[in-house]
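I opened this notebook to keep track of what I looked up. The entries follow in the order in which I made them.

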Amino acid sequence: MKKRLIKWITGMTIGALLLTTAGCGGGGTAPAANSGSQGGTAKIGVIAYMTGGGAAYGEAIKEGLDLAKDEINAQGKVQIELVYADSRGEKTEAINGANKLINKDNVVGIIGPTLSGEMFAAGPIANQAGIPIMGTSTTAEGIPALGDFVFRNALPEFLAVPQAVEKAISTYSLKKVAVMYSNNNDWAVSGYKTIESTLKKNGVEIIATETFADKDTDYSAQLTKIASLKPDAVMVSSLYQEAALILKKAREIGIAVPFVGTNGFNSPELIKIAGSAADGAVVASPWFPGKDNEKVQKFIADYKAKYNNKVPDQFAAQSYDALYIYANALEQAGTTTDRQKLRDAIASIKDFEGVTGKFAFDENREPVMDATVLIVKDGQFTELK
C-alpha cells in the first residue's frame, strides 16, 4: 500500500511538471528557461472595429495583420498567433476585449483598438496589467501619455494634419475657410483642435465652425450655411462614412472648393461612398501606394494576390508594419511570453524600415516618421504636388 502511494505521488508530481511546462507559452511572465523566442508561439491580441459603420477600418487592419503573420511565421524566426476581439466601434466593447485578451487569452501584447476613443478606454487597462499595447490607427493627441506600455505606429494628428492644412493653404492660397467636426468623437475633436490651431498660426480666417455627431446622415443645414459664406476650402474632422456623406451633399448644393480632412479620410471607402464627390479631398498619410519603393510594391502585390486584387489602404499598411515591429521586438527580447521584456524591446525600436517608410519610437513612444500629402483625383489618391 505504501509503495503504491509513493508511486502515485511521484506520478502526479511528474504529471504536474509536464502540464506546467506545456503551459508556458500561454502568457504572463514565463520562467527564464522557457522564455526563448524559439520556445513557442507568441499570442498577440487584436482589438479591431470589425462590425458596424466603421468596419472597413477593421477589415483593412485584419487583412494587413493576417498577411504579415503568414510571412513572419514562414520566415521561422518567431511564430505568432493572432487572437481577435471585435470592438464594434464602442468603448465598452474595447474594454471587454482588452480584459478578455489579457486575462483569458493570456496574450503577450495587443494591437489596437482602432479608434482613439477606444484606446483612451482600453489603453489604461493594458498599461495597468503591464502588457504592451500598440495603436495602428489611433491618432488623437495624448495616446502614449496613457502609460509606459502604450505605443502607436500611427502618425498622430498633431503631426499629420498641419502638413495637409499647410499644403492646402499654399497650393490654393487659402484666406478664409469653414470647419466641420464630429463633437462626440474624442479623435475627431482632437483633429479639429489641430486644424483650428494650424489655421490660426497661418493667418487663415475661420468663417464658420459647424458640428455634428458620429452616424449622422443629414448635413444639409451645416453645409447650406457654409455655402452662403463662400469659403476658399472646407476642413473636416470625421470618420470616412460621415466625411463621404458630407462631400456628396456639399457637391450637390454647389460647394466645389477643396476639402481637407483628418485621418478618417485615409480610406478607399471615402471614395467608394462619395464617388466623384471625393475628388479634391486632401489628407496627409504616411502610406502612399504610388511610392517608387521595392518594399511598398511587393507588399501591394502580395496583398492583391491574397485579397482578390484589392489595393491596401493606410490602415492595412500600418497594421502590417505593426506586426513586423512586434516580431522584431519578440526576436530581440528572446521571449514569447514576457510582457515587460517585450515592452522594453518595442521601446528600443529605431531604424525600422516598413512599407510606411522609415520608423522609430521617440522617448515618449510616439512614432518618428514622414507623411505624404495626398489628394483624391479621378477616384484615386495621388500625391499633391
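Entry 1. I found the charged end of Lys62 over the ring of Tyr84, 4.9 Å from the ring centre. For a charge to sit over a ring, NZ of Lys or CZ of Arg must be within 6 Å of the ring centre and within 35 degrees of the ring normal.

Entry 2. I noted the ground rules: this is a predicted model, where local features need pLDDT of at least 70, side-chain atom pairs count only at pLDDT 80 or more, and totals for chains, interfaces and linings use all residues. Residues are numbered from 1 along each chain as its sequence is written, and side-chain values use heavy atoms, with hydrogens and water left out.

Entry 3. I checked confidence by pLDDT (the predictor's confidence in each residue, from 0 to 100). The protein chain averages 90, and 90% of the residues score at least 70.

Entry 4. I looked up aromatic pairs, meaning rings of Phe, Tyr and Trp (its six-membered ring) with centres within 6.5 Å; planes under 30 degrees apart count as stacked, over 60 as edge-to-face and the rest as tilted. I got 12 aromatic pairs by this rule. The ring centres of Tyr320 and Tyr324 are 5.2 Å apart with planes at 55°, so I logged this pair as tilted.

Entry 5. Are Tyr320 and Tyr324 buried or exposed? Tyr320 is buried at 9% relative accessible area, and Tyr324 is buried at 15%. Buried means under 20% relative accessible area, exposed over 50%, and partly exposed in between (1.4 Å probe, protein chains only).

Entry 6. I listed one aromatic cluster, formed by Trp287, Phe299, Tyr303, Tyr307, Tyr320 and Tyr324.
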